[in-house]
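Hi there,

Here is the structure I promised to pass along. Have a look below, and then read on for what turned up among its charged side chains.

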Amino acid sequence: MPELPEVEVVRRGLADHVVGHIVESVTVKHPRSVRRHVLGGDDLSARMSGLRVESAQRRGKFLWLTFDDPDTALVVHLGMSGQMLVQPADAPLEKHAHIVATLDSGAQLRFVDQRTFGGWALHPLVEVDGTSLPEAVAHIARDPLDPLFDADAVVRAMRAKHSDVKRVLLDQTVVSGIGNIYADEALWRASIHGERIASKLTRPAGHGLLTEVQAVMSEALRAGGTSFDALYVNVNGQSGYFERSLAAYGREDEPCRRCGAPIRREKFMNRSSYSCPRCQPRPRR
């Protein structure tokens with residue numbers, strides 16, 4: 001699934017190509033893509049038509065558009081394969097284009113989702129800690145690239161958890177935006193095994209880990225994100241290329257870039273974890 005860098009790339013594209021334009025019409029072509037909008041596709045289309053897009057915003061892996069209606073936000077769930085493409089109106093429609101919004105610029109914002117796990121939904125805005133957020137995002141913690149991110153508070157929250165540190169990194173109520181890829185990469189950089197108990201991390205180790213999270217995400221953002229297939233692309237349909245720089249994730253049996261030991265793959269929450277057995281020794285229980 002897209003993580004913070006990939007979602008931020010999409011957000012920047014929307015800010016460049018969609019913000020400031022009026023939504024002339026919205027056509028919903030697949031009901032699953034609006035299943036989170038409880039009043040259905042016709043209601044979403046009617047409420048969005050005529051609104052001017054004021055901003056494209058993000059917290060962690062959550063993306064939304066705000067409008068000149070101050071009480072409405074469009075939350076976009078990218079899911080496993082969701083794409084937000086900005087295309088000329090006369091461009092051939094993609095096979096899995098399930099929602100099409102026509103803008104006053106003549107372009108179309110198309111939600112393309114092969115696996116239909118994602119979708120659009122309108123939500124009211126609420127204020128949380130001085131920040132306006134869609135109601136559906138109100139429980140999500142600030143992410144490491146947020147200007148108001150409080151690393152001290154996050155380290156305290158992590159050290160209060162008697163759980164594997166990787167599980168804590170993936171807990172979006174503790175720190176948002178981190179998924180399986182960047183958790184493995186940050187843990188490798190910090191030389192910490194994901195099965196270390198978070199409560200046993202020292203404060204310096206916790207801060208060091210968050211510093212590596214920020215560093216790897218910033219580098220991935222500059223590279224346009226990580227693309228393993230054609231499902232993650234930016235609004236122009238282009239893939240990111242940070243995959244070339246990954247040091248742990250997806251590199252089973254390849255040599256560690258730091259010590260040369262073969263990277264190992266282990267089962268983790270119906271997924272996989274990648275680490276170096278030498279640089280990141282498994283903790284003793």
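Let me begin with Glu 8, a buried residue with a relative accessible area of 7%. Please keep in mind that this is a predicted model.

Glu 8 pairs with Arg 12 in a salt bridge, and their closest N and O atoms lie 2.9 Å apart. Both residues sit in helix H1 (residues 4-17), and because they are 4 residues apart there, about one helical turn separates them. Arg 12 is partly exposed, with a relative accessible area of 41%, whereas Glu 8 is buried.

Which residue does Arg 142 meet in a salt bridge? The partner is Asp 146, at 3.2 Å from N to O. Arg 142 counts as buried at 17% relative accessibility, and Asp 146 is buried too, with a relative accessible area of 17%. Each falls in that class because the cut-off for buried is under 20%.

Further along, Arg 251 and Glu 254 form a salt bridge through their side chains, again with 3.2 Å from N to O. Here Arg 251 is buried, at 7% relative accessibility, while Glu 254 is partly exposed, with a relative accessible area of 36%.

In total, the structure contains 15 salt bridges, including the pairs Arg 12 with Glu 8, Arg 142 with Asp 146 and Arg 251 with Glu 254.

Key. Residues numbered from 1 in each chain as written. Predicted model: local features only at pLDDT ≥ 70, side-chain atom pairs only at ≥ 80, totals over all residues. Heavy atoms only, no water. Salt bridge = Lys/Arg side-chain N within 4 Å of Asp/Glu carboxyl O. Helix = DSSP H or I, 4+ residues; strand = E, 2+ residues; numbered from the N terminus. Buried < 20%, exposed > 50% of the residue type's maximum accessible area, 1.4 Å probe, protein only.
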